[in-house]
Amino acid sequence: MSKWDDLKRVEESGIVAVVRAENAEEALKITEAVKKGGIKAIEITMTVPGAIDVIDGLTDEYSKDEILIGAGSVLDAETARACILAGAEYIVSPSFDAETVALCNRYQKAVMPGAMTVTEVVNAMQTGADIVKIFPATLFGPKIIKAVKGPVPHAPLMPTGGVNLDNVKEWIKAGSYAVGVGSSLTKGAKTGDYDQVTETAKEFVKLIKEAREEMK
């Protein structure tokens, strides 16, 4: 399966689950709960203790057909390479780093650097970004997607930060390629309620599907 197949899966699902956790065990439980809820793309952030080992374990346990595992909060090419060796199929960053983008393209792994302005979005795209992560999206709201797509209508944008059940349909209708969702999806894990995580995942999947149907 090529990176283009991976990107298509992210676009079709419309959501990437951003997993932040206090420890590796919690990250694994969140991943399983999110998977049960129907989300197929999961990003293990480098802020999780032992994150690379978590990625290695998950990619051993699940096939790409089951879950598409990526790495998040990747700040440099060295970390990106370690994540790819552990099995990560895509790399997500909070900011733009040209060396990280180049490395991912060298190994044909999807790369999603962060940006906040039209200039940053265009720079990321022309350097080889597959998707541009609008971060932190909570500062702007869904209007930022339409604002960027005005002059750059072909930009593949993934807002992350501030996406929740109340506004996810707005983000999709504004033209998002997909959305990245963290705490509003996984908050149940803070109290050990992984069933809540699963139910929240199901609701996100449902709302994204509804939004796309309403756009037709």
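Author: Q108 sits in the loop that runs between α5 (98-106) and β5 (110-112), where helices (H or I, at least four residues) and strands (E, at least two) are DSSP runs numbered from the N terminus. The model is predicted, and local features therefore need pLDDT of at least 70 and side-chain atom pairs pLDDT 80 or more, while totals for chains, interfaces and linings use all residues. Residues are numbered from 1 along each chain as its sequence is written, and side-chain values use heavy atoms, with hydrogens and water left out.

Most residues other than glycine have a negative phi, and most peptide bonds are trans. Q108, although not a glycine, has a positive phi near 55°, and with a relative accessible area of 42% Q108 is partly exposed, a class that lies between buried (under 20%) and exposed (over 50%), as judged with a 1.4 Å probe on protein chains only. S73, likewise not a glycine, has a positive phi of about 55°; its place is the loop between β3 (68-72) and α4 (77-86), and at a relative accessible area of 15% S73 is buried. The loop between β7 (132-134) and α7 (143-149) holds P136, and the peptide bond joining F135 to P136 is cis, with omega at about -10°.

M125 belongs to helix α6 (residues 118-127) and is partly exposed, at 23% relative accessibility. Its contacts (heavy atoms within 4.5 Å), leaving aside neighbours within four places in sequence, are with V132, V152, H154, A155 and P156.

Next comes the interior. In soluble globular proteins, nonpolar side chains tend to be buried together. A nonpolar core is here a set of buried Ala, Val, Leu, Ile, Met, Phe, Trp, Tyr and Cys residues joined through side-chain atoms within 4.5 Å; the largest has 61 residues, among which I44, I91 and V179 touch the most other members. Helix α10 (residues 194-215) gives the largest share of this core, seven residues. Not counting residues up to four places away in sequence, V179 touches a set of residues including I15, V16, M158, W171 and I208. A second, separate core has 13 residues, with L68, V92, I131 and A178 among them.

The whole structure contains zero disulfides, a disulfide being a pair of cysteine sulfur atoms within 2.5 Å. C83 is in none, as the nearest cysteine sulfur, that of C104, is 9.2 Å away. C83 is buried at a relative accessible area of 0%, and C104 also counts as buried, at 0%.

On a 1 Å grid over the protein atoms alone, a pocket is an open set of points where a 1.4 Å probe fits, with protein on both sides within 12 Å along at least five of seven lines, and lining residues have an atom within 4 Å of a point. Of the 21 lining residues, R20, V181, G182, S183 and S184 lie nearest the centre. Two or more lining residues come from each of α2 (24-36), β9 (179-181) and α9 (183-186), and α9 gives the largest share, three residues.
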